[in-house]
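Here is a colleague's note for someone meeting this structure for the first time. Please keep the model open while going through the points.

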Amino acid sequence: MPFNVEVVPRLQAAIDAMPASDHLTFLVTAQDKPFTAAGFGNYFRDTCHEAGLPERCTSHGLRKAAATYLAELGFTDHQLMAWFGWSSISQAQVYTRAANRKKMAREGAKLISGTGTGTPSDPVSQNQSRPIEKTGAGK
């Protein structure tokens, strides 16, 4: 599926540094042919192995890391879909849900006294000791 990516200055500099070619494919095999998805994954894994990187370094992992990073920056579901070429919103929501959980947890922590981030003037965030009433058979 085709997708659009903004050519930011660092990407443009990388493109400009590449040797001239007769086609618009930037990542090509040793035979100057476009990679297949599986072929690129194998190439990336082999390159990481040669560089002495951990086995967990994969092209898929890098893509997941980028999606996580962008979601945590505030990318919306539809922005992630456009950036990564996903046709299903559910794929983007994997990353935005996780980012939203982290954001909500951080914001929630501000309401809890003792976190160092709550405000003393906010009564919700103040820890007020109250005696606990015992009920039932254990009284």
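Is F75 buried, partly exposed or exposed? F75 counts as partly exposed, because its relative accessibility is 23% and buried would mean under 20%.

1. The mean pLDDT of the protein is 80. A pLDDT of 70 or more is reached by 78% of the residues. Residues 122-127 need care: their pLDDT is below 50. In the model, this stretch still has 13 contacts beyond near neighbours in sequence. Where pLDDT is low, the predicted coordinates should not be read in detail.

2. **Overall build.** The protein has five helices and zero strands. Along the sequence, the pattern reads α-α-α-α-α. Of the 139 residues, 12% are buried. Take the contacts between residues at least 6 apart in sequence: 22% of them join residues at least 24 apart. The protein exposes about 11,300 Å². Carbon and sulfur atoms supply 58% of that area.

3. **The core.** The largest nonpolar core has 10 residues. They are A67, L70, A71, L80, M81, F84, W86, A92, Y95 and A99. Leaving out residues up to four places away in sequence, A67 touches L80, F84, W86 and Y95.

4. **T96.** This threonine lies in helix α5. T96 counts as buried because its relative accessible area is 8%, and the cut-off for buried is under 20%. Its contacts, not counting residues up to four places away in sequence, are A71, F75, T76, D77 and L80.

5. Where is F75 found? F75 lies in the loop between α3 and α4. Setting aside residues up to four places away in sequence, F75 touches L70, L80, W83 and T96. A92 is another residue to check against F75. The two are 17 residues apart along the chain, and their C-alpha atoms are separated by 9.6 Å. So F75 has these contacts while being partly exposed, at 23% relative accessibility.

6. **Salt bridges.** How many salt bridges does a search of the whole structure find? It finds two. One joins the side chains of E72 and K102, at 2.7 Å from N to O. This pair links distant parts of the chain: E72 is in helix α3, K102 is in helix α5, and they are 30 residues apart. E72 is partly exposed at 41% relative accessibility. K102 is partly exposed too, with a relative accessible area of 45%. The side chains of R45 and D46 also meet in a salt bridge, at 3.7 Å from N to O. R45 counts as partly exposed at 39% relative accessibility. D46 is partly exposed, also at 39%.

7. **N100 and E72.** N100 lies in helix α5. Its relative accessible area is 43%, so N100 is partly exposed. N100 and E72 are 28 residues apart in sequence. Their C-alpha atoms are 7.7 Å apart in space. View this pair together with the bridge from E72 to K102.

8. **A nonpolar surface patch.** Which residues form a nonpolar patch on the surface? They are V5, V7, V8 and L11. Together they have about 270 Å² of accessible area. V5 sits in the segment before α1 (9-17). V5 is partly exposed, with a relative accessible area of 36%.

9. **A backbone detail.** D32 has a phi near 60°. That is a positive value in a residue other than glycine. D32 is found in the loop between α1 and α2 (37-50). At 41% relative accessibility, D32 is partly exposed.

Definitions and conventions: Residues are numbered from 1 along each chain as its sequence is written. Side-chain values use heavy atoms; hydrogens and water are left out. A nonpolar core is a set of buried Ala, Val, Leu, Ile, Met, Phe, Trp, Tyr and Cys residues joined through side-chain atoms within 4.5 Å. Buried means under 20% relative accessible area, exposed over 50%, partly exposed in between (1.4 Å probe, protein chains only). Contact means heavy atoms within 4.5 Å. Patches are made of residues with over 30% relative accessible area and no salt bridge: like charges are joined within 9 Å, nonpolar side chains (Val, Leu, Ile, Met, Phe, Trp, Tyr) within 5 Å. Accessible areas come from the Shrake-Rupley method with a 1.4 Å probe; for residues, only the protein chains shown count as cover. A salt bridge is a side-chain nitrogen of Lys or Arg within 4 Å of a carboxyl oxygen of Asp or Glu. Helices (H or I, at least four residues) and strands (E, at least two) are DSSP runs, numbered from the N terminus. pLDDT is the predictor's confidence in each residue, from 0 to 100.
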